[in-house]
Amino acid sequence: MKDKVSVEIVESWLKGWCLSREVSFPVPYKSGFKVIVGDEKQKERFVFPKLNDDFFQLAHSIDEPWIYLKVSSSPDEFIEKIPERWKLQPQGYMMTCFHPMNFPEISLAKGYYLVVF
C-alpha cells in the first residue's frame, strides 16, 4: 500500500465499528488494538494500522477459531508468512483522504460533533 493510515484514524474507525455493534471499545494491544466482540462467530478481533512483527507473532500464536486479525496492508505482503490455518476473507476498505479537507460551516444535531484529523 502506498499510503498508510495513522494509529489515531484506525482507533477512531474501530471505535465507530464498536459503537455500531454495541460491543466494548478497543484496548491497545502492542502496536494495534483488541476488541472483545463476544459473538459465537467472532470472539475477538485484533486490528493493526500497519504490518509488523506484532501482527506476525499474534498470527502464529492464535490457534482457536473465530478470532479475527485485520491489518492495513495488501494480502500479498503477509499471506505467505502466516500459518495456513488462517483463512483470508474478502478485502474491506477504509475510506481515507491523504490531503487536507476543507469543511464548510456546518451545524450538527444536538449531541453530535465532528472530529477532523
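Visitor: What lies over the face of Trp17?
Guide: Arg45 does, at 3.8 Å from the ring centre. A charge counts as over a ring if NZ of Lys or CZ of Arg is within 6 Å of the ring centre and within 35 degrees of the ring normal.

Visitor: Before I go on, where do these values come from?
Guide: This is a predicted model: local features need pLDDT of at least 70, side-chain atom pairs count only at pLDDT 80 or more, and totals for chains, interfaces and linings use all residues. Residues are numbered from 1 along each chain as its sequence is written, and side-chain values use heavy atoms, with hydrogens and water left out.

Visitor: Fine. In what order do the elements run?
Guide: From the N terminus on, α-β-β-β-α-β. That is two helices and four strands. Both kinds are DSSP runs numbered from the N terminus: helices are H or I with at least four residues, strands are E with at least two.

Visitor: Back to the Trp17 helix. Which residues of H1 are buried?
Guide: Val10, Leu14, Trp17 and Cys18. Buried means under 20% relative accessible area, exposed over 50%, partly exposed in between (1.4 Å probe, protein chains only).

Visitor: What do they pack against?
Guide: Strand S2 (32-39) and S3. On the other side of H1, Leu19 and Ser20 are exposed.

Visitor: And what follows H1?
Guide: Glu22, with a positive phi near 55 degrees.

Visitor: New topic. How many residues are in the largest nonpolar core?
Guide: It has 13. Phe46, Phe48, Phe55, Ile62, Leu69 and Ile82 have the most contacts inside it. S3 (42-48), H2 (53-61) and S4 (67-71) each give two or more residues. H2 gives the most, with four. A nonpolar core here is a set of buried Ala, Val, Leu, Ile, Met, Phe, Trp, Tyr and Cys residues joined through side-chain atoms within 4.5 Å.

Visitor: What does Leu69 touch?
Guide: Phe46, Phe48, Phe55, Leu58, Ala59, Ile62 and Trp86, not counting residues up to four places away in sequence. Contact means heavy atoms within 4.5 Å.

Visitor: What about a second core?
Guide: A separate one has 10 residues, including Val10, Leu14, Val23 and Val35.

Visitor: Lots of Phe there. How many aromatic pairs?
Guide: Five. Rings of Phe, Tyr and Trp (its six-membered ring) pair if their centres lie within 6.5 Å; planes under 30 degrees apart count as stacked, over 60 as edge-to-face and the rest as tilted. Tyr29 and Phe46 are edge-to-face, 5.0 Å centre to centre with 70 degrees between the planes. Tyr29 is in S1 (residues 27-29) and Phe46 in S3, so the pair ties together parts 17 residues apart in sequence.

Visitor: Is Tyr29 buried, exposed or partly exposed, and which of these is Phe46?
Guide: Tyr29 counts as partly exposed, at 24% relative accessibility. Phe46 is buried, with a relative accessible area of 4%.

Visitor: Which rings link into a cluster?
Guide: Those of Tyr29, Phe46, Phe48, Phe55, Phe56 and Phe78. Phe55 and Phe56 have ring centres 5.6 Å apart and planes at 80 degrees, so that pair is edge-to-face.
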